[in-house]
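Subject: Structure handover

Hello,

Here is the structure for you to look through. Please open it first, then read the notes below.

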Amino acid sequence: MDAGHLPLNRLALQATTHCLTGCAIGEVAGMVIASALAWGAFAAIVLSVILAFFFGYALTMRPLLASGLSLGRATRLALSADTVSITVMEITDNAILLIIPSAMAANLNEPLFWGSLALSLAVAGVVAFPVNRWLIGRGQGHAIVHGAHGHSG
């Protein structure tokens, strides 16, 4: 079954999972690097957000480039498809990390570091799902990626 015939909830779940994967890679990498370098909360969040956007866009662009689209077209599609979802996820997960007491000060070897990061990403995915569903239902978000290469991105 191609993406054009998938039920809206299933397509939104695929888009959310895809976006969450890129966000999680960037968020975890950023927090690990910042923690290892003993950076403060602000620097950790900035690095994590930058990496989340980078990996989120990269995961969208990879199949688009493989399908033969130009770098410019793939970049424009990734920006159009993922910016809102990644933004929602990053605001949500970083807000949660900031409100969990001592989460941003936890070290890599502490369960609080990994537990708060896992919780924040899980909540971010739940918050982003209805956003992605709404966007796809209006032909935006990941709906444009599916239209560009005919399968889930």
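Is G137 buried, partly exposed or exposed? G137 counts as partly exposed, because its relative accessibility is 48%. The cut-offs are these: buried means under 20% relative accessible area, exposed means over 50%, and partly exposed lies in between, with a 1.4 Å probe and protein chains only.

Two notes on how to read the values. This is a predicted model, where local features need pLDDT of at least 70 and side-chain atom pairs count only at pLDDT 80 or more, while totals for chains, interfaces and linings use all residues. Residues are numbered from 1 along each chain as its sequence is written, and side-chain values use heavy atoms, with hydrogens and water left out.

**Helices and loops**

G137 sits in helix α4. Helices here are DSSP runs (H or I, at least four residues), as strands are (E, at least two), and both are numbered from the N terminus. In space, G137 is 9.5 Å from N9, C-alpha to C-alpha, although 128 residues separate them in sequence.

Helix α1 has 29 residues. From first C-alpha to last it reaches 41 Å, close to the expected 42 Å. That expected span is 1.5 Å times one less than the number of residues.

After α1 comes A38. A38 is in the loop between α1 and α2. Its phi is near 55°, a positive value in a residue other than glycine. Most residues other than glycine have a negative phi. A38 counts as exposed, because its relative accessibility is 68%.

S102 also has a positive phi, near 70°, and is not a glycine. Look for S102 in the loop between α3 and α4. S102 counts as exposed, at 53% relative accessibility.

**Aromatic pairs**

How many aromatic pairs does a search of the whole structure find? It finds three. Rings of Phe, Tyr and Trp (its six-membered ring) pair if their centres lie within 6.5 Å; planes under 30 degrees apart are stacked, over 60 edge-to-face, and the rest tilted.

One of the pairs is F53 and Y57. Their ring centres are 5.8 Å apart and their planes meet at 50°, so this pair is tilted. Both are in helix α2 (residues 41-66). They are four residues apart there, so about one helical turn separates them. Y57 counts as buried, at 15% relative accessibility.

F54 and F55 make an edge-to-face pair, with centres 5.1 Å apart and 80° between the planes. F54 is exposed, with a relative accessible area of 51%. F55 is partly exposed, at 27%.

**The nonpolar core**

Y57 turns up again here. The largest nonpolar core has 17 residues, and C19, C23, Y57, L64, I86 and M89 touch the most other members. A nonpolar core is a set of buried Ala, Val, Leu, Ile, Met, Phe, Trp, Tyr and Cys residues joined through side-chain atoms within 4.5 Å. Which helices supply at least two residues each? They are α1, α2, α3 (71-99) and α4. The largest share, seven residues, comes from α3. In soluble globular proteins, nonpolar side chains tend to be buried together.

**The largest pocket**

The largest pocket has a volume of about 160 Å³. A pocket is found on a 1 Å grid over the protein atoms alone: it is an open set of points where a 1.4 Å probe fits, with protein on both sides within 12 Å along at least five of seven lines, and lining residues have an atom within 4 Å of a point. The volume is the space filled by probe spheres set on the points, which are joined across faces, edges and corners.

The lining has 16 residues, and S35, A103, M104, A106 and F113 are the closest to the pocket's centre. The elements giving two or more residues to it are α1 (8-36) and α4 (111-137). By class, twelve lining residues are nonpolar, four are polar and none is charged. Ala, Val, Leu, Ile, Met, Phe, Trp, Tyr, Cys and Pro count as nonpolar, Asp, Glu, Lys and Arg as charged, and the others, Gly among them, as polar.

S35 lies in helix α1. S35 is buried, because its relative accessible area is 18%.

Best wishes
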